[in-house]
Amino acid sequence: MPDVRATAPTHPPRPRPARRSRPVRSALVAAVTALALATAAAPADGAPAARPSGPAHTDVLFVGAHPDDEFQSLAAFGQWHERQGRTTGVATVTRGEGGGNAVGTEEGPALGLIREREERAAVGLAGIRNVHYLDKPDFWYTLSAPLTARAWERTPQGTDTLERLVRLIRATTPDTVVTMDPRPFDQHGAHQQAARLAVEAFALAGKRTAFPGQITKEKYRPWQPSRLLTQNWGFAGPVGPSCATARPHDPTTGLPQEGVWEGTWSARHGTTWAQRERTAARLYRTQGFGSLPARVTTPRARMGCDWFSVLAEHGRPVRAAVHGQDGPLRPLYAGFRDWARRVGMPWLANDVQPAYPAAPGTTVLPAPRRPAVDGRAAPGEYPGEQLRLTHWQGERCASARDCSATARMTRYGDDLYVLVDVTDDRKGAVLSTADCKRHWRTDSVEVALDPRGTADDTAATFKAAVLPFTAEGGACAARDADHHQGPAARTAPGMRWAATVHDRPYTGYTVELRIPLGLLPAAADPAALTANVMVYDSDTTDRTGRARLAWSPFGSAQADPYAWGRARLEGYVPPAGRPQVPGAPVLPLTATRSADSPPSVAQSRRTGVPLAAGPRLSRPA
C-alpha cells in the first residue's frame, strides 16, 4: 500500500492476459511446492547443518518486490548482524520503475537505477552488502497478485521469476528466508506476489526435481532453508524490551510471532536500532521518506518490535487452525484461498476477505444542457445530489477549512461530467506540466470508473487525475494505474478538464472534467457502473502527501474496485458496438537491466551469482 507520508506507491505501480495453459502450470508448481513443504526434513540428528561459506552465502535472505520493501525490518536485520554475526542479503524483484519520484522527474529505468542506489545505501546501514535484483518490470500500484504475475512472467513457461528465486536460494544458501505478507487485502499486489513466490521457492529449492537443469547443467546443489518468516507490519503486539521474548500469535492466521525489539542499543553505532532504521529509511528519497523526522522521539520503553510471522521451522510448515468464511469470496480472495491450500498452508487464508461496508450509491441525472468545462458550476448544470468525500487515508483533516471536499456528477449525451469542490488551507508542490504524473505527490483530484461494475483490479477501469495548478499555470491531467495509463492528451482524447484555484488568500480549488464514456475500456452499463472520487491533500512542497479523502473510503480506495460506489446513469443507453468486456490493458513493462548497473555488475563478479539470478554456464561437478 502506498505510504501516505510519501504517497508514492512503490510500484505504485504496477498486465498481459495469461496464457490459457498457465493456470495448469501454476497449479502444478503449487502442487510440487506443497509436496516439498510436506516432505522437507531437517538433518537426521536434529542439529543444524554445517554452516556454508563463500562470497555468495548469506544467513538470511529477504525477498521483496521493490527497493524499500525491507526498510521496516532493517532494525532486525542490523541486530542479527551486530549481535549474532548473521548476514542478510536482499532479493528485490523489481527496481520500482513504476513508482513516484519526490526528488526529480526521472521515471522508468532511469528511476530504477536511482532507487537501486538508494536501496544499497540504506541497507548498508544495517550491515547488508548484497542486493540481488531479478530485473522484473514494475508498472503501477495494483492490489492484484495475478495481474503482477502476468507482468513478471515473460517466458512461455510462466515460472521464470520463481525459477530465479529458487536459483538464488541455491546460490546463497540461507538458513532463513524472510519475505512480505502474501495476503491480498489493502496491500500492493507486487508485495503479495513476491511473498507467494518466496513461499514456493523456500520449498522447491531443496528438491532435485524442481528446475533440475539448475542442478544437472548449472551445477547448483539443492538447498533447503530451515526457517520461513513473513513481515507482519500490522501486528499490534506488546511494546518495550519484553516484546522480543514474548511469543504471541497472530489473531487471524494463528501463527506464532517473532519480535525483534527496535529499542535495542547498538554499541557499534551509538544509538538505538530504531534510530538506525530511521536514518536508513530517510535515504529512500525518491519515495518521499526523506520527509520523515530525522530523530526518533519515542521513549525506548515504548518502542515496539519488528514483527515476523513464523511460517516454517526446520523446513516444515508451522501448523495452525483453519477458519472458514461464510458466503462466496470475490475472485482475488478466492484465488488466494486456493493458493494457500495448494502450498499446504490453508491457515494463511483465514478470514481473507474483509467485511466490505455497504458502498455508497447515487443516480447520475442527465443535464438540461451541456455543461461548460470551466472549473465552476453554473446554476442548473449539475442536477442531482452532492456527494460528500470523507477521510480515507493519512492524517485526518483538522477542520473543514484544513481539507474537505464534495463532488457532483451529471451526464449529457455520451459524456460524463464531474465537478469536485475542494476546501484547502495550504498549497502542495507546484509541478510542471512535463511532470504531470503520479498525482498523489501533491494536491489533486482523481475520478475512477468501472464501466461494468465487475472489475477485479483497475487494469479494467478508467482512472483520470487532475492537478489543479502547475508551474506554467492552469491544470493538467493524466490517467493512472488503469487500462491505459499516461498523459491525458495521448490516452484520453476528447476528455476535457479545467480548474479554478481560489487564491488571495488560498482557500482551495474546483476541478471539472468531461469524460467521454467511449474512453472507458468497455461499454458503460447504466445500472452497474461503479465509481469513486478521491482528493489528495499535500500541505507540503516536498512532493509527499498528507491526507486523502474519498466518496467511498475503504481500504485502498483508489485501487480496489470492489469498494467503489454505484453510479446509476439515468436514461443512458450506450451506443451499439462497444465491447462488453475490457480488452488487454496497456502496461509500461520496461524493466531496468542489471547489466546497466555498475554496482550489480561488480557484485556479480565478486559473489559469482549471475546478474538477475539468471542461468550460469555449466560448471564441472
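## A surface pair

D338 is partly exposed, at 29% relative accessible area (buried is under 20%, exposed over 50%, partly exposed in between; 1.4 Å probe, protein chains only). R337 is also partly exposed, at 27%. Their side chains form a salt bridge, 3.1 Å from N to O (a Lys or Arg side-chain nitrogen within 4 Å of an Asp or Glu carboxyl oxygen).

## Basis

This is a predicted model: local features need pLDDT of at least 70, side-chain atom pairs count only at pLDDT 80 or more, and totals for chains, interfaces and linings use all residues. Residues are numbered from 1 along each chain as its sequence is written, and side-chain values use heavy atoms, without hydrogens or water.

## Buried charges

The structure has 31 salt bridges. D435 is buried at 2%, and K437 is buried at 14%. These two side chains meet at 2.7 Å, N to O, in a salt bridge.

D435 also bridges to R543, with the closest N and O atoms 3.7 Å apart. The partners lie 108 residues apart, D435 in the loop between β14 and β15, R543 in the loop between β21 and β22 (strands are DSSP E runs of at least two residues, helices H or I runs of at least four, numbered from the N terminus). R543 is buried at 18%. Shared partners join E107, D435, K437, R438, R441 and R543 into one network.

## Nonpolar cores

The largest nonpolar core has 85 residues (buried Ala, Val, Leu, Ile, Met, Phe, Trp, Tyr and Cys joined through side-chain atoms within 4.5 Å). Helix α6, residues 189-204, gives the most, with nine residues. A second, separate core has 39 residues, including L416 and V533.
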